[in-house]
Amino acid sequence: MNLVLTWLTDPAHWAGEDGVPHRILEHLTYSAVALVIAAIIAIPLGLYVGHTGRGKFLVVNVAGAARAIPSLGLLFIMVLLLGPRLSGDAAFVVPCLVVLAVLAVPPILAGAYAGVEEVDASARDAAKGMGMRGLQVLLEVELPCALPLIFSGLRSATLQVVATATIAATVGLGGLGRLLIDGLAVRDFGQMAAGAVLVAALALAVDLIFALVQRYAVSAGLTGRRTASRRSRPKASADSTLITIS
Amino acid sequence: MIRFDSVSKEYPDGTVAVGGLEMTAPTGKITVLVGPSGCGKTTSLRMINRMIEPTSGRIWIDDRDTTTMDAAELRRGIGYVIQQAGLFPHRTVAANIATVPMLLGWDRKKARARALELLERVGLPTSFADRYPSQLSGGQQQRVGVARALAADPPVMLMDEPFSAVDPVVRDQLQDEFLRLQGDLGKTIVFVTHDIDEAIKLGDQVAVLRVGGKLAQIAEPARLLGHPVDDFVADFVGRDRGYRGLGFQRAPKLPLAAETTARLGDSAEQVRAAAGTEPWTLVVDEGRRPLGWVNTEQVAGTVSSEVLHRGGTVASTNGTLRNLLDAALSSPARRGVVVDEDGTFAGTVLAHQVLDAIESERAAAAAAQPAGSAAR
Ligand SMILES: Nc1ncnc2c1ncn2[C@@H]1O[C@H](COP(=O)(O)OP(=O)(O)OP(=O)(O)O)[C@@H](O)[C@H]1O
Ligand SMILES: [Mg+2]
């Protein structure tokens, strides 16, 4: 623990290209881009499957299988496959983003699908019976009701991606993985441990932000948080939401 | 008016849920579909708003063939209430009620005002407007479901077992309010239930279906009870139908007997002196509304509300023969309490007087209707 503190409190480690802030920024960029790509693919697909009931089989099986893919192995294959077709940094960045996105798709897809699937059948029936068209049922009823599970899928994908984005360093890119790889090379255990701590802290911080966004995005009618009127929102601490969803 | 024109529904697995249904639900009336589980009630109902498409036949609303209309447009003009209410959990009560108005493009203010008005209409406080469905009881949710169906003032309402998920006491209350509401609104309603008592209570006409979605009989409730067309209908309308049929016959004017009455706080001696040898004395309040019976021999000290016998039911002078007979049968004094429309005590009747009245009504009916034509 002392080693970690000593390393982290050394001002030299907080400045410049290899400084902690820059590494965090790189780490967040890889993670965010991968997550956005994954969300753009997985959320509409999950909503579609949940809404139509078509392709359930695909979601369940593909999502399950994708979870079993080893990230590091996939990264090396991607670099070998895509690398020669791309130039400069992109030869490594693109494979890296692909791997992280592949990692993020299954939980987001499963969350979006399950969210819509689990919408109360009578609410869906009533929506249609009152004259909502298919897309209105999806956007006005199914999506808002699915939000808690969509968020839980997004958050578990985020935790995984932030933790796994360390692999970028194995192909010479930046991110907090650098601290681990470089630390290992020179047997600087303080640096390695500091890297691990920073990754964990970053993951938790990002999750906290998601928790806050979720509070505002999800109707209180679904969470049962709010009791009477719009204004009497209780100031419950955000970390209670953090624990509920892994 | 809703007209089923030889409508059939066969599901892809070969189940014939509805077979050649011919039926009319008249404008401004409640038509109840009743029958055993799986007889095709829900299927028939949902074909009206095309939640289910018929395999053959047509359904007309007034002079429009529903199959020629856009399904979503059609549904916006038809109120739809289902068993589990089906409220949107993420929307407030007011937003739930305003669903169809918003779909029809009303402005927000007008839709909300309408929602508040409807909350009152269905007997809920307007303070519920900003609650979420999860904060309401089952009965309250069902009321919101009815309000939501009424929001855009559709001429037609479809209701699928709307009151069957609540307990019997609440159900009774909801049914009474529903009838009151319908008295004001006069919608064309098709109402599905598997409960024959509910059907008889609510229906202007009751359609009994048998399994396979075939119409066994369609008639006014009294007629259904009095003249079931076959064993199936007779079995289905069940026991006590003679007695329940009395519920549709207005009581004739009967001679009412006067009673010596007592008031709360009267002393036991006073009561006994007034009653003479009569073992039961009726207690009334300041407005002469009956409170209950007191046992003249057993009362001690003063008459208090604890010693009142409250088992007797009260019939109204404009009530039914069933109310009158029940009042007589349930009274500990054997004299049934009858009140005026305003609830004040009018007099008492004995069971045999009511039975005599029933006898003479039946004799009169038989004389008016020659034998042989009784079945229809
Ligand atoms: N989607 C479906 N596919 C196949 N068969 C169906 C389908 N929906 C209903 N059925 C069958 O059609 C018949 C009529 O069903 P329906 O739901 O109309 O009955 P119901 O009279 O409403 O019964 P309940 O009182 O139990 O609600 C039943 O035999 C039922 O099993
Ligand atoms: Mg049904």
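The legends below describe close-up views of a predicted model. Local features need pLDDT of at least 70 and side-chain atom pairs pLDDT 80 or more, while totals for chains, interfaces and linings use all residues; side-chain values use heavy atoms, without hydrogens and water. Residues are numbered from 1 along each chain as its sequence is written, with chains lettered from A and ligands numbered from 1 in the order in which they are written.

**View 1. Chain B as a whole, with 14 helices and 16 strands.** Helices (H or I, at least four residues) and strands (E, at least two) are DSSP runs, numbered from the N terminus. Along the principal axes, the C-alpha atoms of chain B fill a box of roughly 80 × 60 × 30 Å. Of the 376 residues in chain B, 48% are buried (buried means under 20% relative accessible area, exposed over 50%, partly exposed in between; 1.4 Å probe, protein chains only). Carbon and sulfur atoms account for 50% of the accessible surface of chain B, which comes to about 17,200 Å² (Shrake-Rupley method, 1.4 Å probe; for residues, only the protein chains shown count as cover). Among contacts in chain B between residues at least 6 apart in sequence, 62% join residues at least 24 apart; contact means heavy atoms within 4.5 Å.

**View 2. Ligand 1 and the residues of chain B around it.** A residue is near a molecule if one of its heavy atoms lies within 4 Å of it. The residues around ligand 1 include Tyr11(B), Asp13(B), Thr15(B), Lys41(B), Thr42(B), Thr43(B) and Glu161(B). Helix α1 (residues 41–48) of chain B gives the largest share of this shell, three residues. A polar contact is a pair of N or O atoms within 3.5 Å; within protein, one must be able to donate a hydrogen and the other to accept it, and residues adjacent in sequence count only if both atoms are side-chain atoms. An N or O atom in the side chain of Tyr11(B) is 3.4 Å from a nitrogen atom of ligand 1. On its own, ligand 1 has 640 Å² of accessible area, and the protein covers 62% of that.

**View 3. Tyr80(B) in strand β6 (residues 78–81) of chain B.** Tyr80(B) counts as buried because its relative accessibility is 4%. Its side chain makes polar contacts with the side chains of Asp125(A) at 2.9 Å and Arg46(B) at 2.7 Å. Beyond its neighbours within four places in sequence, Tyr80(B) is in contact with residues including Ala126(A), Gly129(A), Asn49(B), Met51(B), Ala149(B) and Leu158(B).

**View 4. Helix α6 (residues 121–129) of chain A and its cover.** Buried residues of this helix are Ser122(A), Ala123(A), Asp125(A), Ala126(A), Ala127(A) and Gly129(A). Their cover includes α7 (134–164) of chain A and, from chain B, α1, α2 (71–76), β6 and α6 (138–150). Just after α6(A), Gly131(A) has a positive phi of about 105 degrees.

**View 5. Asp285(B) in the loop between β12 (280–284) and β13 (290–295) of chain B.** With a relative accessible area of 14%, Asp285(B) is buried. The side chain of Asp285(B) reaches the backbone nitrogen of Gly287(B) at 2.9 Å. Apart from neighbours within four places in sequence, Asp285(B) is in contact with Arg263(B) and Leu291(B).
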